Amino acid sequence: QVRLVESGGGLVQTGGSLRLSCAASGIMFNTYSMAWYRQAPGKDREMVASISAGGSTFYEDSVKGRFTISRDNAANTMYLQMNGLKTEDTGVYYCAADSVAWRLAVKGDYWGEGTQVTVSS
């Protein structure tokens with residue numbers, strides 16, 4: 001059974017930081033590309049960052065220079081360090097796993113339940 005479990009969300013003020021984690025089980029984690037998606041209220045889900053099995057990364061323009069995606073294959077865990085948070089970063093953040101190891105446009109064979117991030121001004 002595949003499980004992706006996000007944690008680390010919460011309420012933070014503008015300019016603050018949060019670190020999200022996604023713990024994976026039931027997959028060969030080091031062969032999957034991974035991504036963080038965000039769904040803001042009233043908007044479609046969008047990919048904000050991704051990381052291939054080999055460690056290549058992609059960032060959506062609005063988070064470049066502020067967010068850092070990483071993975072620890074020994075711990076089957078992916079992270080998203082979010083600094084300089086803005087109110088527009090508010091949303092539910094989802095972890096996604098893609099069985100195509102090199103793909104950065106992660107399509108999400110598996111999804112987590114999400115973790116809420118709220119940035120207040």
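**Notes on cores and rings in this model**

1. Start with Arg19: its charged end lies over the face of Tyr79, 4.0 Å from the ring centre. Keep in mind that this is a predicted model. Another arginine worth a look is Arg71, whose charged end sits over the ring of Phe29, 4.5 Å from the centre.

2. Next, the largest nonpolar core, which has 27 residues. Met34, Trp36, Ile69, Met78, Leu80, Met82 and Tyr93 are the members that touch the most others. Among the elements giving two or more residues to this core are strand 4 (33-39), strand 8 (77-82) and strand 9 (91-98). Strand 3 gives the most, with 4 residues.

3. Zoom in on Met82. Leaving aside residues up to four places away in sequence, Met82 touches Gly16, Ser17, Leu18, Leu20, Arg66, Phe67, Tyr93 and Val117. There's also a second, separate core of 6 residues, including Ala35, Tyr37, Ala96 and Val106.

4. Now the rings: there are 2 aromatic pairs. Tyr32 and Tyr110 make a tilted one, 6.3 Å centre to centre with 45 degrees between the planes. Tyr32 is in the loop between strand 3 and strand 4, while Tyr110 is 78 residues away in strand 10. Tyr32 is buried at 12% relative accessible area, whereas Tyr110 is partly exposed at 32%.

5. The pair of Tyr37 and Trp111 is edge-to-face, because the planes are at 65 degrees, and the centres are 4.8 Å apart. Tyr37 belongs to strand 4 and Trp111 to strand 10, 74 residues apart. Tyr37 counts as buried at 13% relative accessibility, but Trp111 is partly exposed at 33%.

Conventions: Residues numbered from 1 in each chain as written. Predicted model: local features only at pLDDT ≥ 70, side-chain atom pairs only at ≥ 80, totals over all residues. Heavy atoms only, no water. Core = buried A, V, L, I, M, F, W, Y, C linked by side-chain atoms within 4.5 Å. Buried < 20%, exposed > 50% of the residue type's maximum accessible area, 1.4 Å probe, protein only. Contact = heavy atoms within 4.5 Å. Phe/Tyr/Trp six-rings, centres within 6.5 Å; stacked < 30°, edge-to-face > 60°. Lys NZ or Arg CZ within 6 Å of the ring centre and 35° of its normal.
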